[in-house]
Amino acid sequence: MQLFGKRALLALSAFSFGLVTASTSWSADSLDDVMKRRGLTEKDVLAAAKTYVPTGKRDEFLAFASGGQSGQVIVYGIPSMRILKYIGVFTPEPWQGYGFDNESKAVLAQGRINGKDILFGDTHHPAISETNGDYDGEYLFINDKNNPRIAVIDLHDFETKQIVVNPIMKSEHGGAFVTPNTDYIIEASQYASPLENGYVPLSQFNEKYRGAVTYWKFDRKAGRIDPKQSFSLELPPYSQDLSDFGKGVSDGWSFTNSFCSERYVGGIEKGRPPFEAGCSQKDTDFFHMINWKKAAEVVKAGKVKMINDHPVIMMDTAIAEGILYLVPEPKSPHGMDVSPDGKFMIVSGKLDSHTYVFSFEKMMNLIKNKDFAGKDPYGVPILDLKKSLHTQVQVGLGPLHTQYDSKPCVVYTSIYVDSQVTKWDYCEGKVLDKLSIHYNIGHLMTMEGDSVNPKGKYLVALNKLAIDRFNPVGPLHPQNHQLIDISGDKMELLYDMPLPLGEPHYAVAIAADKLKPIIRYKSGWNTRTDEVHEGKTRPGKERVERDGNKVTVYGTTIRSHITPEIVEVQEGDEVTFVMTNLERAEDQTHGFAINGTNANLSLEPGKTASVTVTASRPGVFPYYCTEFCSALHLEMQGYLLVQPKGYKEVATKGAEGQAYTQADYDKQFKTNIETQGVIDSVVGYIVARNYQDFPPVVSLVEDATEQLGFAADTRKKAEEFAAKNDWQNATLWAGQWWQYQVKAADIGLRAKTYLDQHGAVEVKK
Ligand code: CUK
Ligand code: CUA
């Protein structure tokens with residue numbers, strides 16, 4: 001404490017004597033020197049200049065990538081490719097306390113299947129909520145392929161709020177994609193299975209196995225999916241794949257492609273050819289064209305079968321009502337991307353070198369005229385491929401996904417086998433440019449590229465393999481996201497970003513200025529239900545309540561102490577800590593962890609979170625704050641003491657360390673008075689400038705003022721004890737008073753630095 005005290009005072013006095021000034025010197029290296037030394041070409045330097053975002057500056061776009069097998073979402077900036085956040089979604093994420101506090105455990109518990117916790121997810125397709133087909137930056141949805149589920153993430157705080165489990169699917173892939181006003185989120189099955197739960201032999205595949213598509217109703221006001229208003233359509237047992245919603249002229253329709261329309265059931269272990277052979281025999285598969293608006297009316301009219309308590313429109317109803325059609329598409333297709341105006345649907349065949357552009361107008365005419373090429377085995381009308389096509393373009397071997405540019409008719413398709421991105425014109429049907437990537441691209445993403453208003457500028461190639469791009473880290477390589485400049489005629493590769501969390505499939509990117517996340521919660525907030533937490537605790541109201549063997553600790557955290565600091569319980573008690581972070585200052589998060597348990601909270605400013613532990617064995621269990629939140633962070637500690645059953649207190653001597661005298665008190669008092677002088681000079685420096693023009697400084701000043709208020713309160717306590725000649729308590733409270741002063745000074749210096757760096761000017765009084 002003394003050492004820090006001297007250092008802090010030194011820093012403070014250095015400031016007050018004007019010795020601390022912003023550094024103006026710059027490295028003596030010239031750009032040429034650096035290029036030579038690091039072996040950089042002019043092209044490298046240009047690419048660097050296009051991606052580099054200097055300290056303090058921000059990115060133009062934010063990307064949300066699926067985290068693949070990690071079950072999370074990865075957030076990064078474009079063009080810098082700096083990772084900003086991993087959002088815990090289907091999998092516990094310790095830093096955020098996700099899956100460790102009771103509130104987020106309740107969210108993960110929504111994702112239980114047959115009562116079982118599922119602790120991973122295979123996330124594929126994130127979707128940002130839309131208003132009139134434009135990204136609105138309010139919500140993000142993402143699917144889990146392995147255990148058919150959709151999660152809702154609120155982009156006001158980047159937290160997962162809800163997980164819904166698909167009631168009829170056993171596997172999925174074609175989600176999450178949203179309607180132009182986010183009325184519905186689509187989820188399409190992948191591997192056909194019986195819609196009911198239970199065993200059905202594969203010999204009954206054609207009759208009993210089914211695909212399906214679910215339309216999840218999104219309640220925008222509640223910010224949650226409403227499962228009661230959601231419904232599904234029964235589909236043939238083709239392996240449904242990607243989906244997209246129509247927009248503009250095609251609003252009201254959705255499109256879902258499929259592979260293995262051969263309905264092969266495998267059996268390699270019996271000497272039969274594997275799935276990959278049986279599922280790629282035919283030249284074409286089918287995409288499903290579904291009138292979801294009409295389907296919603298059919299559900300309202302009650303023409304559904306309840307399966308697992310969930311309304312399903314069966315195929316014969318869908319056929320009779322004219323809401324389901326099939327369109328042949330290149331075999332083993334991937335990608336289903338509707339153009340910004342909704343007039344075209346682009347599909348690629350993984351085993352074809354062509355990409356097919358379907359015309360919504362042509363298909364609607366065929367439907368209107370009942371001009372069908374035939375029916376599938378389930379009676380679903382099939383449209384003629386040639387009559388549905390606008391054009392067909394040879395783009396390369398193994399085309400997958402397509403994204404739209406801001407320039408009319410321009411699109412980019414990922415070419416998996418050739419490891420390329422092909423830029424082409426879907427109106428004219430011609431290739432414009434090709435760029436090699438490293439290696440084996442899956443999805444690709446342009447800025448707001450699946451909205452009605454793509455922004456162009458950048459493209460990210462989400463590559464499946466990295467091979468030799470990065471320093472080797474063992475056989476499991478990171479993924480490689482490559483940033484490509486698409487502002488000119490020729491695509492230019494700018495940057496390789498390794499992503500080491502899982503295999504992202506799709507990603508979406510939104511203009512950063514559309515996102516308006518909060519920086520603190522309303523005080524005492526349950527961030528998972530978005531309500532005031534029932535255990536919200538105000539300063540001074542911290543307490544421990546007991547009800548039988550249930551003990552509830554209503555605690556708070558603030559720099560730099562946890563209240564209470566000592567919690568004594570008996571062996572066998574069930575102890576719940578409900579902790580409220582009292583901070584209002586930006587980024588002043590505290591953690592809370594208890595030895596020997598999984599208790600691990602992240603308490604962002606204003607948040608209340610709880611955790612329950614069972615005191616199953618007697619002992620001493622230190623708890624502490626896990627975030628380095630302040631100079632006395634290490635002292636942000638406490639003890640959970642679990643007494644053995646039947647324990648009787650015995651009096652002991654010399655319980656704790658040091659005894660203090662009047663001289664100690666006087667010394668501390670003098671230090672504090674001197675420190676106050678220094679603080680006053682910092683305050684003087686700030687208020688002499690136009691600090692009110694800088695909102696971050698205004699909130700720092702508020703925070704410092706609060707700390708000084710605490711300092712004044714503790715000074716009073718110190719003086720009261722001094723008046724009673726209780727030098728022990730007087731000295732310790734004087735020490736606490738000084739702690740608040742140091743915090744205020746720390747904040748003051750941060751404000752001063754900010755003002756210096758942002759060109760604040762002196763104001764004349
Ligand atoms: S999928 Cu993985 S590359 Cu799930 Cu959209 Cu195409
Ligand atoms: Cu709070 Cu460390």
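## The Cys260–Cys279 disulfide

In this predicted model, the torsion about the S-S bond of Cys260 and Cys279 is about -60°, so the disulfide is left-handed. Cys260 lies in the loop between β14 (253–259) and α6 (275–278), and Cys279 in the loop between α6 and β15 (284–291), so the bond ties together parts that are 19 residues apart in sequence. The sulfur atoms of Cys260 and Cys279 are 2.1 Å apart, where a disulfide is a pair of cysteine sulfur atoms within 2.5 Å. Helices (H or I, at least four residues) and strands (E, at least two) are DSSP runs, numbered from the N terminus.

Cys260 is buried, with a relative accessible area of 4%, and Cys279 is buried at 11%. Buried means under 20% relative accessible area, exposed over 50%, and partly exposed in between (1.4 Å probe, protein chains only).

## The Cys409–Cys427 disulfide

Cys409 is joined to Cys427 with an S to S distance of 1.9 Å. The torsion about this S-S bond is about -85°, so the disulfide is left-handed. Cys427 is partly exposed, with a relative accessible area of 29%.

The structure holds 2 disulfides, and their pattern is 1-2, 3-4, with bonded cysteines counted along the chain.

## Basis of the values

Residues are numbered from 1 along each chain as its sequence is written. Local features need pLDDT of at least 70, side-chain atom pairs count only at pLDDT 80 or more, and totals for chains, interfaces and linings use all residues.

Note on methods
Chains lettered and ligands numbered in written order. Heavy atoms only, no water.
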